Structures are given as structure tokens and as C-alpha cells.
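Hi,

Here is the structure I promised to pass on. My notes on it follow below.

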Amino acid sequence: MTSAPPESFDHEFPKIPEGFRKFEIEPISHIKVKEKRWKSSIALRNRAKTGVLFKVKCNSNARLKIVDCADILLPGNEVKVEMERSKKEPEEEVQVTVFYCLVGDQTSGSPRFP
């Protein structure tokens, strides 16, 4: 198997600058669940000047369905990620985590930083 040299990652996946606050997630804390069957969503906003690759994960796929859980969010765009609880009663708290990284310029070889 061949792989790209580590230095090539700098333009494809630039490092996130310290103090980066241009990728927003709402709600940022707990979503209360009272009904047996419910739907909810989280909003993701990209205020940076580069794309953001994101993945929304949960600790129990059997208890929570996440629709369109991964994508590249282009600069200035917003997306709502829909979640739906299954009929199965949770034995423990269901946790949702959003992973993300910046996506640099894939064509010119030079990074575009936010």
C-alpha cells in the first residue's frame, strides 16, 4: 500500500489555528428527551474561509439514528443533521460527538487558512 508523504497533508488538511471559533454547533449542550419516539437536529455552521469536513457520531447506533452524519460543509454554509431515537429504551445516556477538520485547497497545493 502506498500513501502520501506527511508533508502533503498540510495543504489537504491544514492545522486548526489556535482560538479557531468559526465552526459553530447548536445546541452545544444536552438535548432533553421525554417521549418514547422523538426527532431532533443539531445545526452546524461554517463561518471560515475554507471547507470543514465533519462527522457526527453517537455511542449507540442501536438507540439513535443519525441521518447524513458526514459531509464537507463549504464556507458560509449551514446544515441541520437530523437525529431520531429508536424504539429501544436507552440503558445509559446517549452521547453525540461532532468530529471535524479543516479541508484545504485540493488543487493549487497551497493552503487557504480561515
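C69 counts as partly exposed because its relative accessibility is 22%; the bands are buried under 20% relative accessible area, exposed over 50% and partly exposed in between, with a 1.4 Å probe and protein chains only. C101 falls in the partly exposed band too, at 24% relative accessibility.

Before you read on: this is a predicted model, where local features need pLDDT of at least 70 and side-chain atom pairs count only at pLDDT 80 or more, while totals for chains, interfaces and linings use all residues. Residues are numbered from 1 along each chain as its sequence is written, and side-chain values use heavy atoms, with hydrogens and water left out.

β5, β3 and β7 make an open antiparallel sheet, in the order β5-β3-β7. (Strands are DSSP runs of E, at least two residues, numbered from the N terminus; two strands pair if DSSP finds at least two bridges between them.) The edges are β5 and β7 (96–103), each pairing on one side only. β3 (residues 51–58) and β7 are joined antiparallel over eight bridges, and C58 sits opposite V96 in β7.

Also worth a look: L74 is in the loop between β5 (70–73) and β6 (78–85).

Cheers

Technical notes: Helix = DSSP H or I, 4+ residues; strand = E, 2+ residues; numbered from the N terminus.
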